[in-house]
Every structure is written in structure tokens, then in C-alpha cells.
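Dear colleague,

I am passing on the structure we spoke about, together with some notes on its fold, a few of its residues and one of its pockets. Please look through the model first and then read on.

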Amino acid sequence: MKSLRFNRMSKIMGIMFVCAALVSAFVSCKNPVNGVSESTLNGTWVSSYGENFIINTSAKTLENKYNGTTCYAGNELSVVFTNENSGYIYIKYTQNAYMNDVVGKYYAVAFKDLDLTNNSVSLAGAGKPGGQSACETLDAAKQEFTIANGYFGAYSDCSK
């Protein structure tokens, strides 16, 4: 009798897990709306701190510079909108001035408050105490580097 209940409960839990995963996938991969697309992120975004985020969605690249020096760069750029003015930009490191061992691995930059009228956006690289610096795969980066997981605590307000 207990075995029958356990099997039934296992099936129910499995179905609930699959449903939750599907809902999560649809919510996190929401398509941009109101004419906003990844191309709106193209350009050089400059912060008051001297940072430059150079984003080229056609070439699928992102470069982060500070006072003219490249801090990190990546290709295989992928943008995932969470709503019409925020989301995540994923790259595969091609360069990192501080950690050579992450080159070839995946990283994320979050964006929020994308304002096409004022050409402004807030950008933050993934980071948290005790967190990962990079992930082996894009899927792993999408799972790890999230606001819900405690990454992206400090944003830089940028404009074109």
C-alpha cells in the first residue's frame, strides 16, 4: 500500500516539476514587446564612473572598458528580455584582464530601465560574494547568473 502511494506521489511531484519548469521557461524567455528588440542595446554605453559597455548585437559581441582599458570581452552574445526594458546579456569570454581561467566560459550582464527616449540603461556585471565567475555552458550561465540568485547588486547608470 505504501509503495502504491509513493509511486502515485512521485508521479504527481514529477508532473508538478515539469509544469513549473515550463512556466519558468516561458516567463524567463519572454519576447521583447512594444518594438523593443536586442538591437536597441547596440552602441557604446558610458557610465559616470568611466565605464564603457560596447554592445554589437549583429556581431554578437560585448566589450567592457574602464578608462580605455578592456576589462573583459566576449562573443556569442545572447539577449534574454525579462520584460520590455530589462533582461540579461550573455557572452562567452574571449578576454578577461583579471581572470585568464574564465576565457572560453560564459558570463552575464544584467540590464534594467532601458529608456529609448533618453538613450539610457542601467547595466551590471554578474557578481556576488562567494558566487561563480563564469559557467561552462550558456545554459548553466542562464541558471546561475540571475537576480534571484543574488547576482547583480550594483548597477551603473549609462547613456549613449
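Predicted model: local features only at pLDDT ≥ 70, side-chain atom pairs only at ≥ 80, totals over all residues.

Residues are numbered from 1 along each chain as its sequence is written, and side-chain values use heavy atoms, with hydrogens and water left out.

The secondary structure consists of two helices and eight strands, where helices (H or I, at least four residues) and strands (E, at least two) are DSSP runs numbered from the N terminus. Starting from the N terminus, the order of the elements is α-β-β-β-β-β-β-β-α-β. The eight strands form a closed barrel with antiparallel pairing, in the order β1-β2-β3-β4-β5-β6-β7-β8, and two strands are taken to pair if DSSP finds at least two bridges between them. On average, neighbouring strands of this sheet are turned by 35 degrees against each other, direction ignored; the axes behind this angle are lines fitted to C-alpha atoms, for helices over the stretch in contact, and angles run from 0 to 180 degrees between N-to-C directions. As one example of the pairing, β1 (residues 43-47) and β2 (residues 51-56) are joined in the antiparallel sense over four bridges, and Gly43 stands opposite Ile55 in β2.

Of the 160 residues in the protein, 34% are buried, meaning under 20% relative accessible area, with exposed over 50% and partly exposed in between (1.4 Å probe, protein chains only). Contact means heavy atoms within 4.5 Å, and among contacts between residues at least 6 apart in sequence, 45% join residues at least 24 apart.

Ala108, in strand β6 (residues 106-115), is buried with a relative accessible area of 0%. Leaving aside neighbours within four places in sequence, Ala108 is in contact with Ile89, Tyr90, Ala124, Gly125, Ala126, Phe145 and Phe152, and its C-alpha atom is separated by 7.1 Å from that of Ala141, 33 residues apart along the chain. Ser156, in strand β8 (residues 156-159), is also buried, at 7%, and its contacts, not counting residues up to four places away in sequence, include Ser47, Glu51 and Val121.

Two residues deserve a check of their backbone angles. Most residues other than glycine have a negative phi. Asp113, however, has a positive phi of about 55 degrees; this residue is in strand β6 and is partly exposed at 44% relative accessibility. Phe152 likewise has a positive phi, of about 65 degrees, but lies in the loop between α2 (138-144) and β8 and is buried at 4%.

Finally, the second largest pocket has a volume of about 170 Å³. Of the 13 residues that line this pocket, Tyr93, Asn96, Met99, Tyr107 and Ala126 are the closest to its centre, and β4 (69-83) and β5 (86-96) are the elements that give two or more residues to the lining. The lining divides into seven nonpolar residues, five polar and one charged, with Ala, Val, Leu, Ile, Met, Phe, Trp, Tyr, Cys and Pro counted as nonpolar, Asp, Glu, Lys and Arg as charged, and the others, Gly among them, as polar. A pocket here is an open set of points on a 1 Å grid over the protein atoms alone, where a 1.4 Å probe fits, with protein on both sides within 12 Å along at least five of seven lines, and lining residues have an atom within 4 Å of a point. Grid points are joined across faces, edges and corners, and the volume is the space filled by probe spheres set on the points.
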